[in-house]
Amino acid sequence: MPGKSFFIDTTICTACRGCQVACKQWHGLPAEKTVNRGTFQNPADLSFMTYKLVRFSEVVVDGKLKWLFFPDQCRHCVEPPCQMTAEDATAIFSDSATGAVIYTAKTKNLDAQAIVDSCPYNVPRACKDGTLAKCDMCLDRVENGLLPACVATCPTGAMNFGNRDELLAMAKKRLSVVKKSHPKAKLLDPDDVRAIFLVTEDPQLYHNFAIASREAFDISRAVALKRLVRPLTGLTRRW
Amino acid sequence: MTNHWIDIGNSDCILIMGSNAAENHPVSFKYVVQAMQKGAKLISVDPRFTRTSAKADIYAPLRSGTDIAFLGGMIKYILDNELYNKEYLRAYTNATFVLGKDFDFKDGLFSGYDPKARKYDKSKWAFDMDDNGVPKMDRSLKGQRCVFQLLEKHYSRYNIKLVSEITGTPEADLVEVYKAYTATGVTGKAATIMYAMGWTQHTVGTQNIRTMAIIQLLLGNIGVAGGGVNALRGESNVQGSTDHCLLFHIWPGYLANPSTKWPKLADYLQRRGKSNDPLSANWWQNEPKYMVSLLKSFFGESAKKRNDFGYDWMPKLDAGKTYAFLDMFDDMYNGKVKGFFNWGMNLACSLANANKNRKAMATLDWMVNVNLFDNETASFWKGPGMKPSEIKTEVFSLPACVSVEKEGSITNSGRWMQWRYQGPKPLGNSRADGDIIMELGSKIKELYKKEKGVFPEPILNLKWDYMTNGAYDSHKAAKEVNGYFLKDVEVKGQTYKAGTLVPSFAFLEADGSTSSGNWLYCNSYTEKGNMAARRGQEDAVNQIGLYPEFSWCWPVNRRIIYNRASVDLKGQPWDKDQWVIKWTGDKWIGDVPDGGWPPLESLESPNPKSKWPFIMQVHGFAQIFGPGLADGPFPEHYEPLECPIEKNLMNDQRMNPTAPVYGTKADAYLSCDPRYPFVGTTYRVSEHWQTGLMTRPQPWLLELQPQVFVEMSEELAELKGIKNGERVLASSARGSLECTAIVTKRFKPFQIGGNAVHQVGFPWCFGWRWPQSGKEDSANLLTSATGDPNTRIPETKAFMVNVSKI
């Protein structure tokens with residue numbers, strides 16, 4: 001499969017949140033007004049102004065404390081349910097070269113809630129006027145030979161980016177190593193997404209939407225049904 | 001660092017204790033990850049489960065201020081199980097030395113203690129010497145008075161059960177850490193320590209590090225790749241500023257600051273210990289060359305042999321008096337200081353016992369604040385609890401430009417001096433520190449010229465020529481630091497002209513024929529060019545990440561110091577794969593060796609051309625027994641100034657008997673007092689830098705960490721009825737702080753001497769100037785003003801507090 005992918009190795013993510021800030025910096029996104037809510041995680045959630053968010057989760061597994069870090073972002077699905085739900089390539093389309101799922105200003109005209117609900121990973125967020133936003137894979141950087149901002153800034157190598165086949169191979173290789181010490185380790189939906197997470201614990205412990213949710217699959221199926229009755233056109237057209 | 005950042009990747013076991021590398025040195029984790037991916041174990045020991053702990057193979061909690069007990073237990077574990085590297089120990093350390101009759105240790109005190117002065121007579125800790133004045137050695141390591149046996153005796157008390165009772169670390173966790181770490185005692189394996197302020201900022205700070213140095217020596221982990229004792233510095237250039245005399249007691253290149261103890265230059269130059277052992281390089285015997293070259297650099301032509309090269313013009317410390325920040329602010333509080341330059345610091349937030357310091361500044365006539373922005377220090381007069389109308393201090397603010405707006409070098413933790421070019425030009429009226437200080441110096445010189453004044457010679461004779469076209473020239477300064485030949489000289493058949501740069505410190509002389517602003521940096525800027533600006537990408541022949549042509553490091557580009565201990569007596573590396581240096585039969589290859597002498601060959605009849613490898617020590621041996629420190633030759637566990645238990649469970653002294661205690665009303669301390677029942681500590685967060693002066697006004701960073709907080713266990717929160725995320729009041733004997741509670745599983749109550757002891761922690765990166773609410777202030781309002789007797793670094797890592805609902 002052509003295009004690009006991220007490989008996000010949570011085993012070496014230290015939650016320094018360089019990625020979260022680099023994302024805001026590159027996209028010129030304003031800071032949210034936050035308070036300390038009794039956790040390091042801030043802002044509380046993804047938003048129209050926050051495309052990348054490191055989620056912190058304290059859990060006890062087999063009597064041992066774990067502090068799990070999950071640098072959440074759009075997965076850039078191979079077959080994006082949001083795009084199928086939108087059915088408007090001027091609002092949501094997949095970049096043909098990279099596979100990046102791109103939202104435009106025209107998302108304002110979509111049913112924002114339907115788009116949000118369609119996402120198996122609960123990623124897109126709307127502003128007041130209904131325009132949607134999320135990670136754009138730093139497409140402008142990538143097209144100019146640069147890594148996405150979050151990847152370029154990562155000090156440990158937790159964030160990786162490149163050609164999909166190479167990144168999938170990297171992910172699988174790393175999984176085989178990690179599995180030796182963490183038998184429960186796995187890649188999250190590697191065949192369906194372009195942002196492939198490696199985790200060592202039950203994905204739900206990191207984040208409710210770490211893997212595609214049951215409901216989302218149902219919605220995806222509904223969308224797929226729609227696709228059967230109506231031919232798909234122009235969904236990969238470059239905007 | 002004895003080693004350097006990249007070298008962490010060569011380690012087989014990494015102990016992160018007294019630091020929190022993942023959070024506070026995030027880039028260092030790149031090398032931690034590299035090591036782990038090659039199979040290294042990562043151990044995190046911390047009172048709180050941190051982002052570092054989250055990545056570690058082993059996590060062990062310990063109560064703040066009990067590191068020596070923890071590590072002393074490891075020493076005992078090594079000795080009991082004979083896990084030490086005996087060959088290394090016998091050949092390279094003073095484990096074989098024999099103590100004189102006066103040395104003793106009883107009831108928590110070493111011999112020679114004077115309770116009135118809170119000081120030791122260190123002459124009681126002297127070694128036994130043979131007829132030639134060389135230390136007697138017991139290579140069997142069996143004699144009762146040899147260091148090795150005394151070490152064993154000293155730490156025999158540090159059994160797992162007692163250590164656990166003191167530290168609160170479960171016994172099983174202690175054993176797990178000891179086992180993993182000491183597995184590197186075998187030849188060819190190396191373990192490293194990454195420490196920072198979590199170790200230094202205690203009344204036993206220096207001894208915390210000494211304990212680790214002993215462990216590393218026992219395991220043969222000094223001098224080797226992936227080993228060493230590695231301090232993670234708190235700013236990109238702290239190493240450089242320390243090298244160039246940031247601290248009150250040392251001059252550039254770690255020369256001692258002149259003192260009234262040595263009124264004349266000759267007294268100063270003759271004060272160091274001599275060695276009668278022809279095999280001891282005793283490198284500090286070269287100090288006169290470095291000292292005179294430094295004075296020549298200060299005073300140029302005016303420094304002459306007949307005027308002691310200007311030694312009389314330099315200020316002398318009063319013997320027995322210390323001049324650290326704690327002392328300075330104590331003097332200021334007591335009205336003894338008129339004016340104050342606060343340069344590149346935010347002491348109103350960064351220094352322990354902030355209430356005292358903020359009050360102290362109100363006694364000043366004037367203060368000059370040089371910084372990027374206004375800060376809590378410059379604006380102290382309008383801070384919380386201050387009445388501006390009653391404060392007479394006049395504050396001048398000089399805007400400085402940021403580091404990227406000027407050219408110059410920084411020296412990182414690994415001693416690498418890296419030249420940086422100028423990026424953008426300084427904004428507005430802001431200026432480089434170099435320009436500010438050059439102009440200040442010139443104006444002071446002018447004033448002295450015009451008005452004379454008391455003792456004008458030091459100012460008038462000061463060489464002050466580091467400008468080009470009216471601006472500070474960092475190249476001129478860097479060349480001055482390296483040093484020049486001042487006369488034409490011939491060395492080994494080669495002529496060096498006056499005015500040319502000295503190739504290395506081996507060329508410096510004590511007769512006034514050379515100058516050097518810092519002997520350690522001699523070799524950094526030579527006739528071959530600016531070595532720090534090099535960006536060569538080639539690794540050295542041993543392929544262990546030395547990259548000798550990338551930047552430059554002191555001394556003489558040696559990337560791993562004490563590296564002659566990385567080889568056996570024949571000069572062959574203990575670790576055949578990751579070797580540092582190697583003797584080929586006629587020369588050393590690999591890193592720049594710690595002296596080019598040939599290998600020792602044998603202990604019985606050493607090669608007379610060789611030298612013992614620890615060349616900075618008088619006798620040439622690494623110090624298992626360290627008689628130079630203020631608080632004892634073996635580290636001993638003492639409780640912090642404020643602690644939760646009445647009695648030190650290890651010995652009869654509750655706290656370090658030599659630690660300073662200040663006496664003003666603002667220095668109150670309450671140990672084991674029901675009003676302040678919880679252990680407190682301070683730390684940093686990834687998201688803010690130092691006091692937050694540069695990061696708190698940055699919206700993206702403030703978004704991540706918007707408010708000062710206190711982290712506490714679920715158990716303590718329940719006890720106090722505190723809910724996660726609510727504002728609470730923390731207080732100590734010295735101050736209080738409103739903060740947000742983070743109730744977390746990452747703190748757990750400790751079992752100390754059979755009782756549950758709770759600990760809480762605060763970040764110290766906040767201040768009332770920003771964010772705008774004015775409600776987020778520094779955790780140093782709570783910390784205590786005592787410190788380490790050797791360095792006077794404050795004890796901000798362990799004190800007693802209370803927390804309560806508001």
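How many of the 9 residues of strand β2 (residues 53-61) of chain A are buried? The answer comes in the first view below; bear in mind throughout that this is a predicted model.

View 1. Of the 9 residues in β2(A), 7 are buried, so the strand is largely enclosed by the rest of the structure. Its partner here is strand β3 (residues 64-72) of chain A, and the two pair in the antiparallel sense over 9 bridges. If you want a landmark along the pair, look for Arg55(A), which stands opposite Phe70(A) in β3(A). The hairpin has 2 residues between its strands, and Asp62(A) takes a positive phi near 50° there.

**View 2. The open sheet of chain A.** Here you have 4 strands in the order β8-β1-β10-β9, with mixed pairing. The edges are β8 (159-163) and β9 (186-187) of chain A, each of which pairs on one side only. Follow β9(A) to strand β10 (residues 195-199) of chain A: 2 bridges join them, and they run antiparallel.

View 3. Start with Arg17(A), which isn't a glycine but still has a positive phi of about 70°. You'll find Arg17(A) in the loop between β1 (4-9) and α1 of chain A. Is Arg17(A) buried or exposed? Its relative accessible area is 1%, so Arg17(A) is buried. Then move to the loop between α1 (18-27) and β2 of chain A, where Pro43(A) sits. The peptide bond leading from Asn42(A) to Pro43(A) is cis, with omega near -10°.

**View 4. Chain A as a whole, for orientation.** The chain has 239 residues, and 58% of them count as buried. Take the contacts in chain A between residues at least 6 apart in sequence: 61% of these join residues at least 24 apart. Chain A exposes about 10400 Å², with carbon and sulfur atoms supplying 55% of it.

**View 5. Leu79 of chain B and its surroundings.** This leucine belongs to helix α3 (residues 67-80) of chain B. With 4% relative accessibility, Leu79(B) counts as buried. Beyond its neighbours within four places in sequence, Leu79(B) is in contact with Tyr84(B), Phe148(B), Leu151(B), Glu152(B) and Leu218(B). Gln149(B), 70 residues away in sequence, has its C-alpha 10.0 Å from that of Leu79(B).

**View 6. Ser44 of chain B, tucked away in a strand.** Ser44(B) is part of strand β2 (residues 41-45) of chain B. The relative accessibility of Ser44(B) is 1%, so it counts as buried. Not counting residues up to four places away in sequence, Ser44(B) touches several others, among them Ile16(B), Thr52(B), Ile58(B) and Tyr59(B).

**View 7. A nonpolar patch on the surface of chain B.** Phe341(B), Trp366(B) and Phe396(B) make up this patch, and together they have about 270 Å² of accessible area. Trp366(B) is in strand β13 (residues 366-371) of chain B. At a relative accessible area of 33%, Trp366(B) is partly exposed.

View 8. Asn523(B) lies in the loop between β22 (514-515) and β23 (525-526) of chain B. Its phi is near 105°, a positive value in a residue other than glycine. Why does Asn523(B) count as buried? Its relative accessibility is 17%, and the cut-off for buried is under 20%. In the other loop, between β34 (759-763) and β35 (799-805) of chain B, look for Pro771(B). A cis peptide bond joins Trp770(B) to Pro771(B), with omega about 5°.

Note on methods: Residues are numbered from 1 along each chain as its sequence is written. Chains are lettered from A and ligands numbered from 1 in the order in which they are written. This is a predicted model: local features need pLDDT of at least 70, side-chain atom pairs count only at pLDDT 80 or more; totals for chains, interfaces and linings use all residues. Side-chain values use heavy atoms; hydrogens and water are left out. Buried means under 20% relative accessible area, exposed over 50%, partly exposed in between (1.4 Å probe, protein chains only). Contact means heavy atoms within 4.5 Å. Two strands pair if DSSP finds at least two bridges between them. Patches are made of residues with over 30% relative accessible area and no salt bridge: like charges are joined within 9 Å, nonpolar side chains (Val, Leu, Ile, Met, Phe, Trp, Tyr) within 5 Å. Accessible areas come from the Shrake-Rupley method with a 1.4 Å probe; for residues, only the protein chains shown count as cover. A salt bridge is a side-chain nitrogen of Lys or Arg within 4 Å of a carboxyl oxygen of Asp or Glu.
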